[in-house]
Amino acid sequence: MTDNPRTFNIVCIPGDGIGLDITDAATRVLTTLAETFGTFKFKFESLDWSSKNYKQRGYYAPEGGVEGLKKYDAIYFGAVGWPDVPDHISLWQMILPIRTTLNQYANVRPTRIIPGTTSPLSACAADPSLLDWVIVRENSEGEYSGHGGTTPSSAHAAHTVATEVSIFTRVGIERIMRFAFETALHRPRKLLTMVTKSNAQRHGMVLWDAIFYEVAREYEGRVKYDKMLVDAMTVRMVNRPESLDTIVATNLHADILSDLAAALSGSIGIAPSSNLDPTRAFPSMFEPIHGSAPDIAGQGIANPIGAFWSAAEMVRWLAGADGASNNEGLVEGSGVGNMVAAADCLMQAISNVTEKGVKTRDLGGKSGTTEVTDAVCEEIPKVYSAKRG
């Protein structure tokens, strides 16, 4: 405990569908964590940038809204998307503007099999330690650059032509490769796999490969590295998960591969992600990757584990708010208010709860969102006490 705990200002954007339920669950867990440690606090503010509001007013974020996010220490995002709003509208009017405006060029998605969950891979079901990855996704350019057009503008014309231009820059590639190498360097296996499709995409992907090998020379003897074509990578993830550790891929490739990774670890409902500005000039954003799930929205059955894991990653990142972590990769330190220990505590509480069988239906359990949240909140003080001896 401390008389002057550091207060972090967190803006929550619950969004749509189950995003509302899991954001509420995450703030409950984060509040419990802060109260248990007593060395830091969270002040939450919520913004209703939902598809429902979009339908009523014609926009997600109001004018200046994204710029206004810069005043916060971090952003906690639920999910966005609803059946009566085309997906590209919610993506381009909210998620992508946040990522680009706030320089969140590194998207980080850890994947492992937590106790009480079962991988569909028989080898991993027998030995969960075989699957322990971090996927580093380039988050600012590539296939999601938004360049191109449709001629004529109507998609229903007989001879419509549409172009989608991928943009790869030396600056963008070099910084994500260095971030990925730094991340790999500080993981036990010190192994990085670069994913590409340079055999077919002969310009942007060839540049991607070339800069990877340039940066790799700086880590020679410190990080082992290899290269995989993206289609072959899917086979390797399934057949030889133990051969992988840190993975770096383009915006599109990592987007797809990380969903496969989540499924292989047991459920997309447990998968977290971090949209990071490694320079720390702007706030980073943390979100589970499962989406808004309209089919189960409002039923109280959404899996909150991905939300909790994302919250733990936020706490871990905030630990470096005063320079306690290396800005060029995911490097742990003691941090503000012993927040790395707090993140570890939360992850242990999650594991204890799932191992006891308190799980939602997607993990083979019978508990609802609230029951899992209550169990994790009850477990946090127990883990804290046990670690203090």
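This is a predicted model: local features need pLDDT of at least 70, side-chain atom pairs count only at pLDDT 80 or more; totals for chains, interfaces and linings use all residues.
Residues are numbered from 1 along each chain as its sequence is written, and side-chain values use heavy atoms, with hydrogens and water left out.

The chain holds twelve helices and twelve strands, taken as DSSP runs (H or I of at least four residues for helices, E of at least two for strands) and numbered from the N terminus. Its radius of gyration, 21 Å, is close to the 21 Å from the globule rule for 389 residues, so the chain is as compact as a globular protein of that length. Here the radius is taken over C-alpha atoms, and the rule is 2.2 Å times the number of residues to the power 0.38.

Some whole-chain values:

| Property | Value |
|---|---|
| C-alpha box along the principal axes | roughly 65 × 55 × 45 Å |
| Buried residues (under 20% relative accessible area, 1.4 Å probe, protein chains only) | 54% of 389 residues |
| Accessible surface (Shrake-Rupley method, 1.4 Å probe) | about 16400 Å², 51% of it from carbon and sulfur atoms |

H1 covers residues 18-37 and reaches 29 Å from its first C-alpha to its last, close to the expected 28 Å, which is 1.5 Å times one less than its number of residues. H1 is mostly covered, with 14 of its 20 residues buried. Just after H1, Gly 38 takes a positive phi of about 70°.

Key. Buried means under 20% relative accessible area, exposed over 50%, partly exposed in between (1.4 Å probe, protein chains only).
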